[in-house]
Amino acid sequence: MDVVRKRALSNTAKVAIGVRDPTPKMISSIEKAHDEGYAHVILVGDKQEIDAVGTSLEIINTHEPELVLGDLLASGSVDAAVRGTAKASGTLSHLKDVLKIDRLHRMAFLLTSEGVPFFLAPVGIDEGNNLSDKITLVKLGVEHMRRFGVEPVVGVLSGGRMGDLGRHENIDRTLADADFLASRLRENGICAKHYTILIEDAIKEANFIFAPDGITGNLIFRTLVFLGGGDGIGAPVLMDDHVFVDTSRVGGHYTKAIMIASALVDMKNERNRS
């Protein structure tokens, strides 16, 4: 988090965030990111609704923040975008269209209830559904972690213990897939281990937890953040040319998501200069 904070403060990128159904808690968390110098934040949403809550931040008035966020990013009008409370399906679908990307891969940055930071993927319910996509997602995630100066240790999860082989074909498949994935990653020079279903053991050694599929990853995220006292910082879309940070509409805290967006812009600019 110190690395992210310093990167954001050194950059102060122009970051747009989607706003639907604004609340004082949400607007306050966005204003905090702006006031502390992490980014120059622009609100994208219904101006009348936002004004009813009250803010001095710049507002782009629209009833369709899902479309405007992608348009702003694609045109270069902003350095980065954060989904905020814009709807997920419309935002991500339009983002793919305007950036001409076939598939989006995301990696969530989380903190346990004890403050231990780690990355988690897949978190999209339609991501990581075959071995090819899993390998691509891990490699992209590893590359982005290294940009933060963090050496990845991947903990691959499956649907049971090795002793559960034969109990159900779905369990057998996840065990075989996880074994294969960990082995393939090691062949590519990535530190990886199959921890079976024991996420509690994986988190002791790994800083990148890889779930069996996107549904499981999404459930891990939601259970940790909304029931288990953890914290969800944001889920950057793993791209080189643009910065977009996905967030959950539940919770209402967006300071750190904006901070990580600004930090990623700084890293992108640094790569472009080198």
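Modeller: Before we start, a salt bridge here is a side-chain nitrogen of Lys or Arg within 4 Å of a carboxyl oxygen of Asp or Glu. Also keep in mind that this is a predicted model.

Biologist: Okay, how many salt bridges does that rule find across the interface of domain 1 and domain 2?

Modeller: First, get your bearings: domain 1 takes in 1-101 plus 239-273, and domain 2 runs over 107-231. Applying the rule across the interface of these two domains gives a count of two.

Biologist: Which helix gives the largest share of the side of domain 1 that touches domain 2?

Modeller: On the domain 1 side, 14 residues are in contact with 10 residues of domain 2. Two elements give two or more residues to that side, namely helix H1 (2-11) and helix H10 (255-273). With five residues, the largest share belongs to H10.

Biologist: And by class, how many nonpolar residues does that side of domain 1 have?

Modeller: Take the other classes first: that side has two polar and four charged residues. The nonpolar count there is eight.

Biologist: Last one: about how much area do domain 1 and domain 2 bury between them?

Modeller: Interface size is often given as the accessible area lost when the parts come together. Here 66% of the buried area is on carbon and sulfur atoms. The total for domain 1 and domain 2 is about 980 Å².

Definitions and conventions. Residues numbered from 1 in each chain as written. Predicted model: local features only at pLDDT ≥ 70, side-chain atom pairs only at ≥ 80, totals over all residues. Heavy atoms only, no water. Domains from an automatic or database assignment. Contact = heavy atoms within 4.5 Å. Buried area = accessible area lost by both parts, 1.4 Å probe. Helix = DSSP H or I, 4+ residues; strand = E, 2+ residues; numbered from the N terminus. Nonpolar A, V, L, I, M, F, W, Y, C, P; charged D, E, K, R; others polar.
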